[in-house]
Amino acid sequence: MRLARFAVEGGYQIFASRGDGGWVPLSGVQGLLMNDLLESHRTTIADQISAARATSRTLENAATIMDSGDIWGAGLNYRGHSADLNAPQPASGPGSYLRPRSCLIGNGQQISLPSQSKRVTAEAELGLIVGKTCKNVSRDRWRSVIVGVTAVLDMTAEDVIRENPRYIPWAKGFDTFCSVGPQLVTLDEFDDAALQAIRVSTVRNGEVIATATVSDMKYDLGYLVEYFTAGRTIAPGTVICTGTPGAAVISPGDVIKAVVDGVGTLSHTVA
C-alpha cells in the first residue's frame with residue numbers, strides 16, 4: 001500500500017495510490033499513522049481504493065509525509081560515506097542525531113542555503129517510519145514497529161561539522177534542511193531480500209554523485225531500530241533516517257534529488 005499527503009483547502013488530506021497513477025482521497029483516516037491505519041483501517045482503505053474515483057495528483061508536489069513524531073538519523077552508516085568526511089566509521093554504533101521538525105519541507109519546495117554556512121551538502125537516504133509507540137525493540141522484532149519506508153533528503157552545513165562534530169544537531173536544523181516523502185510504502189511490500197536490494201542515490205543536476213544498496217550499510221535496519229529505541233520511548237510517526245551512500249555539495253540553482261528505487265524520488269531546487 002502506498003500513501004501520501006497532499007495540501008487541500010484547510011489543511012492536508014491522505015490519499016492512497018491505485019497503482020495506475022491515480023490517487024484516491026481517503027475519508028475517515030486522519031493521519032498516515034499508524035496502528036489503526038494498518039490494522040482496523042486496512043480493509044476500509046482497500047474498499048475506498050477500489051470504489052472511489054481517482055484524481056490526477058502527482059507526487060512531485062506531495063507534502064512531507066510526517067504528521068507527528070521525531071526525526072532521528074544515523075551518520076556514517078554506509079561504508080563509502082565515511083570517506084567523504086575523512087572519518088572512520090564508529091565501531092560501537094552509528095553516529096546519531098535528533099533534528100527539529102521545523103526543518104521539514106514538502107516535495108518540490110525550495111531549499112534555502114543559510115548564511116551561517118559556506119558548504120552545504122545534501123544526502124539521499126532510506127527512511128523507516130515508526131508505526132506505534134515502542135521502546136527497547138529487539139533487533140529481530142524491528143518489523144513489528146515499522147509501518148513503512150520512504151525517501152529522505154537530508155541537508156547538512158558540512159563546514160560546521162568539519163569544524164566540530166559536536167555541532168551536528170545545529171548543522172542539520174536549519175529551515176528547509178530535510179524532506180521526507182513523497183509517499184509511505186508499507187513494509188509488507190518488501191521482504192528482507194528486497195529491502196537489502198533497494199538502491200539509494202544522491203543525484204545533483206542529473207548526475208549521480210553517490211549510490212549504493214541498503215546491503216552496503218554497516219549497521220542494518222534491525223540494528224538501527226534496536227539502537228534508536230534502546231532506553232527511550234519512540235512515538236508513532238517518527239522517522240529513522242538510515243544513512244547515506246554519499247553527499248553532494250549544493251549551490252544556488254542546483255536541482256538535487258534523493259532517489260530511492262521502488263520507494264520514491266524527492267526533487268528540490270536550491271534557492
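So, Glu123: it's buried, at 8% relative accessibility. Keep in mind that we're looking at a predicted model here. And who does Glu123 meet? Its side chain forms a salt bridge with the side chain of Lys172, at 3.9 Å, N to O. Glu123 sits in strand β7, residues 120-130, and Lys172 in helix α4, residues 168-172, so this pair ties together parts that are 49 residues apart in sequence. Lys172 is buried too, at a relative accessible area of 6%.

Okay, how many salt bridges does the structure hold? Eight. Let me show you a couple more. Asp192 pairs with Arg143, and their closest N and O atoms are 3.0 Å apart. Asp192 is in helix α5, residues 192-197, while Arg143 is in the loop between β7 and β8, so again we've got parts tied together that are 49 residues apart in sequence. Arg143 is partly exposed, at 30%.

Then there's a local one: Arg162 with Glu158, 2.9 Å from N to O. Both lie in helix α3, four residues apart, about one turn of the helix. Glu158 is buried at 6%, whereas Arg162 is partly exposed at 43%.

Last stop, a sheet. It's open, with four strands in the order β11-β10-β14-β15, paired antiparallel. β11 and β15 stand at the edges with a single partner strand each, so one side of each has no neighbour in the sheet. From one strand to the next, the twist averages 10°. β10 and β11 pair over six bridges, and Arg199 has Thr213 in β11 as its bridge partner.

How values were computed:
Residues numbered from 1 in each chain as written. Predicted model: local features only at pLDDT ≥ 70, side-chain atom pairs only at ≥ 80, totals over all residues. Heavy atoms only, no water. Pairing = 2+ DSSP bridges. Helix = DSSP H or I, 4+ residues; strand = E, 2+ residues; numbered from the N terminus. Axes fitted to C-alpha atoms, helices over the stretch in contact; angles between N-to-C directions. Salt bridge = Lys/Arg side-chain N within 4 Å of Asp/Glu carboxyl O. Buried < 20%, exposed > 50% of the residue type's maximum accessible area, 1.4 Å probe, protein only.
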